Amino acid sequence: MTDNKIVVVGSPSSGKTSLIGKLKDGNFQEHPATLFHIVHICSFDIDGKPFQVSIYDSRGFDNNPGIIFLPQFKQYTAFVVVYDITNEKSFQSSALMKSK
């Protein structure tokens, strides 16, 4: 089984945990702010083959978006940048994260 690692980053309260919940459980629900980093394990069958992804749910990074580039993140396959479309500051933060 392939284990892929993804980190989800974005401003506080941008919907990172809710988006991960939709992927895992099919439910999109509001969640309280994530205070610590959480790893979610999702397993799928793709074309009859087992596929597993570890999703690192980060807390918001408004104050220091550069923190996502710490050495431990080099082990991840992909980054997903999430922002709140109703919050311009959230969008600006996501653009800064993307540029890093």
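Is L19 buried, partly exposed or exposed, and what is its relative accessible area? L19 is partly exposed, with a relative accessible area of 42%. This value, like the others below, is computed from a predicted model.

L19 is found in helix α1, which covers residues 16-25. Several other residues of α1 are buried, namely K16, T17, S18, I20 and G21. Just after α1, G26 takes a positive phi of about 80°.

**Strands β2 and β3**

Strand β2 spans residues 38-46, and strand β3 spans residues 49-57. The two strands pair in the antiparallel sense, over nine bridges. Within this pairing, H40 stands opposite I55 in β3. β2 and β3 form a hairpin that has two residues between them. D47 lies in the turn of this hairpin and has a positive phi of about 55°.

S13 sits in the loop between β1 (2-10) and α1, while D47 sits in the loop between β2 and β3. S13 is exposed, with a relative accessible area of 65%. D47, at 75% relative accessibility, also counts as exposed, because the cut-off for exposed is over 50%.

**Aromatic pairs**

How many aromatic pairs does the model contain? The count comes to two aromatic pairs. In one of them, the rings of Y56 and Y76 have their centres 5.6 Å apart and their planes at 65°, so the pair is edge-to-face. The angle decides this class, because planes over 60 degrees apart count as edge-to-face. The pair links distant parts of the chain, since Y56 lies in strand β3 and Y76 in the loop between β3 and β4 (78-82), 20 residues apart.

Y83 and F91 form an aromatic pair that is edge-to-face, with 5.0 Å from centre to centre and 70° between the planes.

| Residue | Relative accessible area | Class |
|---|---|---|
| Y56 | 11% | buried |
| Y76 | 17% | buried |
| Y83 | 35% | partly exposed |
| F91 | 42% | partly exposed |

Why does Y76 count as buried? Y76 has a relative accessible area of 17%, and buried means under 20%, so Y76 falls in that class. Y56, at 11%, is buried because its value is also under 20%. Y83 has 35% relative accessibility and F91 has 42%, so both count as partly exposed, the class between the cut-offs of 20% and 50%.

At 47% relative accessibility, Q92 counts as partly exposed.

Definitions and conventions
Residues are numbered from 1 along each chain as its sequence is written. This is a predicted model: local features need pLDDT of at least 70, side-chain atom pairs count only at pLDDT 80 or more; totals for chains, interfaces and linings use all residues. Side-chain values use heavy atoms; hydrogens and water are left out. Rings of Phe, Tyr and Trp (its six-membered ring) pair if their centres lie within 6.5 Å; planes under 30 degrees apart count as stacked, over 60 as edge-to-face and the rest as tilted. Helices (H or I, at least four residues) and strands (E, at least two) are DSSP runs, numbered from the N terminus. Buried means under 20% relative accessible area, exposed over 50%, partly exposed in between (1.4 Å probe, protein chains only). Two strands pair if DSSP finds at least two bridges between them.
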